[in-house]
Amino acid sequence: MSENILEPIIKEIWESVKAEANRIISEAKKEAEKIISDAKNKAKKIKAEKEIEYRKKLRKKLMSKIALRRLEIKREYLKQRANIIRSIFNEALKRVRKEIENKTENYKLGVRRLVEEAVKQISSKNIIIACNSRDRELVSEVIAEIARKYNKEVKLARENIDCMGGIIAYSSDLREYFNNTIDARIERAENELLPKLLEKYIRVR
Amino acid sequence: MEQIDVTILLDQERKAERIVKEAEEKAKKILEEARKEAKRILEEETKIDEEKIAKEEEEKIVLEIRALEKEYEYKIKKLKEEVDKNKEIIVKQLVNYILGLEEVG
């Protein structure tokens, strides 16, 4: 008879025990899931950090290799660029030589202007003009006229100078000097005029 | 009034305690397994494939170099185009300056 009375109590105890056991297991499972999920997240983060660090280290190592190659490429570019620009200047020199060799009207006019410019630049009244042997006749023709125009005494030097063309003018007291040879003008053209022209007409740097 | 047999209750209570203890043991085991797995994850899943990364970085560098070469090739192409377009006027001005025909610049 006593069992009948106890049955509901026992049933209640068992239900509460089962619930407690389930709760313990379920909480443990939940915590286990969290432990694993946290570990996965942490692992992902650590892996990403390790990867970044390794890439950085590797990149640093590879940079010296790439820097050298970059320099080579840049050097090659600059070489090609210089050659292209040189070709412009070479073309100009070719034409200048042709004008000189053929003693063209352009060249004669040029020599006249070179003499005139030099006479204007030198303040002294007595000026000596020197030129190469080829241009002697041409220069002697123009100096008389220019001397008259500027009211100065302009003489042709006895000695010839070694140059492509053009003249050197100096005062008879040797205090003033003006180099207007073609050679000097080529140098000025290359160093001063060409960069200006490139800046004006060529925009690619 | 009926008498209650306390021994039955005590017996049931012991069984209940044992079941709770078993559940606690099982929970402990579950947590231990989870911690073990977490340790394994942290050891295994944090490893990086250095060979693969090195290959990727080298490929990136090859691409960078190619891009740089292309950039300079393009610059040279553009330079040639501009030079072709303006060479005559530049040459003329240089010739005129060198010969003394005109002061330019």
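Modeller: Buried area, as used here, is the accessible area (1.4 Å probe) that two parts lose on being put together, summed over both. This is a predicted model: local features need pLDDT of at least 70, side-chain atom pairs count only at pLDDT 80 or more, and totals for chains, interfaces and linings use all residues. Residues are numbered from 1 along each chain as its sequence is written, chains are lettered from A in the order in which they are written, and side-chain values use heavy atoms, with hydrogens and water left out.

Biologist: How much area do chain A and chain B bury between them?

Modeller: About 6,800 Å², with 75% of it on carbon and sulfur atoms.

Biologist: And how many residues of each chain are in contact?

Modeller: On chain A 73 residues, on chain B 66, where contact means heavy atoms within 4.5 Å.

Biologist: How many residue pairs are in polar contact between the two chains?

Modeller: There are 15, with both residues at pLDDT 80 or more. A polar contact is a pair of N or O atoms within 3.5 Å; within protein, one must be able to donate a hydrogen and the other to accept it, and residues adjacent in sequence count only if both atoms are side-chain atoms.

Biologist: Which helices of chain A supply the side that touches chain B?

Modeller: Helix H1 (2-101), helix H2 (105-121) and helix H4 (182-201) each supply at least two residues. H1(A) gives the most, with 50 residues. Helices (H or I, at least four residues) and strands (E, at least two) are DSSP runs, numbered from the N terminus.

Biologist: What is that side made of, by class?

Modeller: It has 43 nonpolar, five polar and 25 charged residues. Ala, Val, Leu, Ile, Met, Phe, Trp, Tyr, Cys and Pro count as nonpolar, Asp, Glu, Lys and Arg as charged, and the others, Gly among them, as polar.

Biologist: Which residue does Arg55(A) pair with?

Modeller: Glu57(B), at 2.8 Å, N to O. Arg55(A) lies in helix H1 of chain A and Glu57(B) in helix H2 (residues 50-99) of chain B, so the pair joins two chains.

Biologist: Are Arg55(A) and Glu57(B) buried or exposed?

Modeller: Both are buried. Buried means under 20% relative accessible area, exposed over 50%, partly exposed in between (1.4 Å probe, protein chains only).

Biologist: What about Arg70(A) and Glu64(B)?

Modeller: Their side chains meet in a salt bridge at 3.5 Å, N to O. Arg70(A) is partly exposed, with a relative accessible area of 35%, and Glu64(B) is partly exposed at 27%. Glu64(B) also forms a salt bridge with Arg59(A), with the closest N and O atoms 2.3 Å apart.

Biologist: Within chain A, what does Glu145(A) meet?

Modeller: Arg112(A), in a salt bridge of 2.2 Å, N to O. Glu145(A) lies in helix H3 (residues 136-150) and Arg112(A) in helix H2, so the pair ties together parts that are 33 residues apart in sequence.

Biologist: New topic: where is Thr181(A)?

Modeller: In strand S4 (residues 177-181) of chain A. Thr181(A) is buried, with a relative accessible area of 4%. The side chain of Thr181(A) makes a polar contact with that of Asn179(A), at 2.8 Å.

Terms used
A salt bridge is a side-chain nitrogen of Lys or Arg within 4 Å of a carboxyl oxygen of Asp or Glu.
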